[in-house]
Amino acid sequence: MDRLDNTIRPYAWGSTTAIPQLLGVEPTGEPQAEMWMGAHPGAPSRTGRGTLVEVIEADPERELGATAVAKFGPRLPFLLKILAAGAPLSLQVHPNLEQAKEGYEDEERRNIPVDAGHRNYKDANHKPELICALTEFDGLCGFRDPLQAADLLDGLGVDSLKPYVDLLHAHPEDAALREVLTAILTADPDEMAHTVTEAAAACSRLGGDYAPYADIAHHYPGDPGVIAAMLLNHVRLQPGEALFLGAGIPHAYLNGLGVEIMANSDNVLRCGLTPKHVDVPELLRIVHFEAGDPGVLRPEAAPDGEEVYETPIDEFRLSRYVLPEGTVAHDLTRATPQILLCTAGSVRAGEHELTPGRSVFVPAGEKAEVSGAGTVFRATVVA
């Protein structure tokens with residue numbers, strides 16, 4: 001079992017206080033957006049044996065287990081994060097596995113550098129993800145019912161939004177959503193900036209259901225993503241609740257602290273709320289134009305006090321243990337690799353004392369017992 005020393009990424013949207021408060025350290029004054037736990041080559045966790053990438057590469061079957069290696073290859077297939085949003089992240093979608101492979105191979109054939117600003121596919125993998133709230137957590141997830149979106153836009157009283165309102169009343173709903181999103185993203189930039197400015201002023205004046213979009217517009221003035229965001233469900237998670245983001249589902253995180261887990265990929269197609277490249281044709285190929293409930297997840301009880309966040313994919317499995325004072329040791333030994341993360345209290349994992357924000361890597365099959373009083377998240381795979 002290896003204690004992990006993890007990198008904190010200073011993205012501009014990050015909170016300046018949430019991760020330091022969790023760790024019990026003084027803020028630096030700079031944004032601290034994500035703490036990465038895993039073997040992603042961009043910022044691998046460090047151990048006493050080297051980086052987690054080096055540890056796994058030295059003996060994949062010992063660290064990951066033969067079954068996981070056979071299923072996912074000789075690499076850790078998930079990345080675990082603590083995410084602290086102090087401002088909205090970009091509105092985005094992720095491809096499915098087939099789309100990611102096709103897109104990656106196409107851009108490789110066209111010799112587009114992997115670090116090029118206009119490149120969409122950094123790798124050939126999909127990127128399903130799960131976010132579990134540690135505090136109240138605001139986000140956008142999936143399309144609203146088109147008629148509800150029409151009412152929201154219409155309530156702003158902005159004349160230049162009327163064509164979108166009319167389109168949202170058309171049938172079938174998937175075609176209506178596609179047409180409106182296309183129109184928003186391909187509108188004249190100056191005209192759209194004016195529309196967003198008017199809409200933002202109305203959101204600020206009206207408050208209530210419009211308040212999240214006033215805040216988005218404050219951070220991204222004139223961005224067409226502000227209008228696109230109003231097509232999506234606004235979700236406020238309570239601590240312990242989660243969202244699963246599958247392929248093609250437009251989403252954005254707005255504010256809050258959470259534990260995030262995802263397949264080990266960098267593939268993101270952006271819809272707005274960003275100065276980065278937006279490839280509209282490719283985006284429209286990937287987006288799943290279907291309205292529906294965002295599907296807030298609550299953990300399901302499993303044996304031995306484990307609470308599991310069920311998802312339909314195998315690259316990761318997230319669960320938690322809430323350990324009351326006086327709890328006897330729980331045996332968490334598995335035939336698959338694990339990362340154990342403490343988010344509250346004080347927990348002993350093997351010979352390591354874990355306080356909030358501290359984590360360990362447990363190789364496949366290695367004895368893993370936890371005890372103490374606190375909350376431990378367990379990240380592993382289904383193999």
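Is Asp-138 buried or exposed? With a relative accessible area of 11%, Asp-138 is buried (under 20% relative accessible area; exposed is over 50% and partly exposed is in between, with a 1.4 Å probe and protein chains only).

This is a predicted model, where local features need pLDDT of at least 70, side-chain atom pairs count only at pLDDT 80 or more, and totals for chains, interfaces and linings use all residues. Residues are numbered from 1 along each chain as its sequence is written, and side-chain values use heavy atoms, with hydrogens and water left out.

**View 1. Arg-236 pairs up with Asp-138 in a salt bridge.** The closest N and O atoms sit 3.0 Å apart (a salt bridge is a side-chain nitrogen of Lys or Arg within 4 Å of a carboxyl oxygen of Asp or Glu). Arg-236 is in strand S10 and Asp-138 in strand S9, so the pair ties together parts 98 residues apart in sequence (strands are DSSP runs of E, at least two residues, and helices are runs of H or I, at least four, numbered from the N terminus). Arg-236 is partly exposed, at 48%.

**View 2. Asp-2 and Arg-49 meet in a salt bridge.** Here the N to O distance is 2.6 Å. Asp-2 counts as buried at 10% relative accessibility, while Arg-49 is partly exposed at 42%.

**View 3. Val-280 sits in helix H12.** Val-280 is buried, at 14% relative accessibility. Leaving aside residues up to four places away in sequence, Val-280 touches Leu-185 and Thr-186 (contact means heavy atoms within 4.5 Å).
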